[in-house]
Amino acid sequence: MVRLILLLSLLTYTLFGGEERYPVENCPAYNNLKHTKNTDNITLDIQRAYPIQRKHKGQYLILIRGENPAQRWVDEHCFDGREEKPAGILFKSDRQEAVRSKDNILALTWHNAYCETYRHRKECRRSLLALGKERYSERHFVLHGLWPQPKSHTYCDVDRELVQLDRIGQWQHLPCLVIDEAVEKRLEKVMPGYAADLHKHEWIKHGTCYGTDATGYFGDAVSLTEQLNSSKVGNFFRDQRGNRVTIEQVRSIFDRTFGRGAGQRVELKCEKGMITELWLHLGSGSDDLGILLQRGKKTRSRCLGGIVDRAGYQR
């Protein structure tokens, strides 16, 4: 019996052993790399050493004996520690010398079509109190993001650790943003993904290259979204719910609304026969959507038309 116990102990160390280290923080220990589940809500004990199995994408896979599952993922700073930086200097784009982006894409989502495809997403769920009431997102375009161009212009002087967190979808662990209260309230309205920390992702990946602080970046993005929704273009899409529209129709309404040639700066994005997004190619030097469209670069649209989806699951 004693020999069997010793053999099992040796086998456990061989399979699960490794360098043992003490954590420096009482971090949660997750079942998976994306930190979406923590069985029994386990946190690390700074008085206890844990075997380190491997390091991957800014995280450690450790062994917590006696737990099920025993292998857990924790952020590397739980063992390595990190220097806490003031929020104001986390990103170079917070500094005054940052250069304003000259070419941008405003990506607007038709939320009904998005939720038709991604029904399980947090921003697509409805509470019992909301049933039977038409939401803002069911009759307007919502904000996906404002993306400085070219598309490779991302993560401007962002700490490597934050880039890693963003790329593996751990948006809930990204730093909270300092945004003017009035702007943030408008942002929550036009960006349903705010509930799933989409705004943190958009800031880390794109906003840091825009050339303003977070308030300036989201203030511009929200204002442009509101201008589109309150225009004849917004009315056109609301009236066409349930119908199929073409890129020619969309570009025509843009020309009539924002001036001749504005439609040439518009792309349609489609999925499963539905229009899912508008991508507007914008220039700079104004806060007026029509002027920015006139200054934007002409573009082609691979999607030539699609259904303007109604609210609810129909496909």
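Trainee: Anything to know about the source and the numbering?

Mentor: This is a predicted model, where local features need pLDDT of at least 70, side-chain atom pairs count only at pLDDT 80 or more, and totals for chains, interfaces and linings use all residues. Residues are numbered from 1 along each chain as its sequence is written, and side-chain values use heavy atoms, with hydrogens and water left out.

Trainee: How many helices and strands does the protein chain have?

Mentor: The protein chain has 10 helices and 10 strands. These are DSSP runs numbered from the N terminus, helices being H or I with at least four residues and strands E with at least two.

Trainee: And what share of the residues is buried?

Mentor: Of the 315 residues in the protein chain, 47% are buried. Buried means under 20% relative accessible area, exposed over 50%, and partly exposed in between, with a 1.4 Å probe and protein chains only.

Trainee: OK, R251. Where is it?

Mentor: R251 is in helix 9, residues 247-258.

Trainee: Which backbone oxygen does the R251 side chain reach?

Mentor: The one of V266, at 3.0 Å. Beyond its neighbours within four places in sequence, R251 is also in contact (heavy atoms within 4.5 Å) with residues including T299, R300 and S301.

Trainee: Switching to L187. Buried or exposed?

Mentor: L187 counts as buried because its relative accessibility is 0%. The residue sits in helix 5, residues 181-190, and its contacts outside four places in sequence include L143, H199 and F218.

Trainee: How far apart in space are L187 and A221?

Mentor: They are 8.6 Å apart, C-alpha to C-alpha, and 34 residues apart in sequence.

Trainee: Last one, helix 4. What do its buried residues pack against?

Mentor: They pack against strand 4 (71-75) and helix 6 (198-205). In helix 4, residues 160-167, the buried ones are L162, V163, Q164, L165 and D166.

Trainee: And which residue with positive phi follows helix 4?

Mentor: G169, with phi near 80 degrees.

Methods:
Polar contact = N/O pair within 3.5 Å; in protein donor to acceptor, adjacent residues only side chain to side chain.
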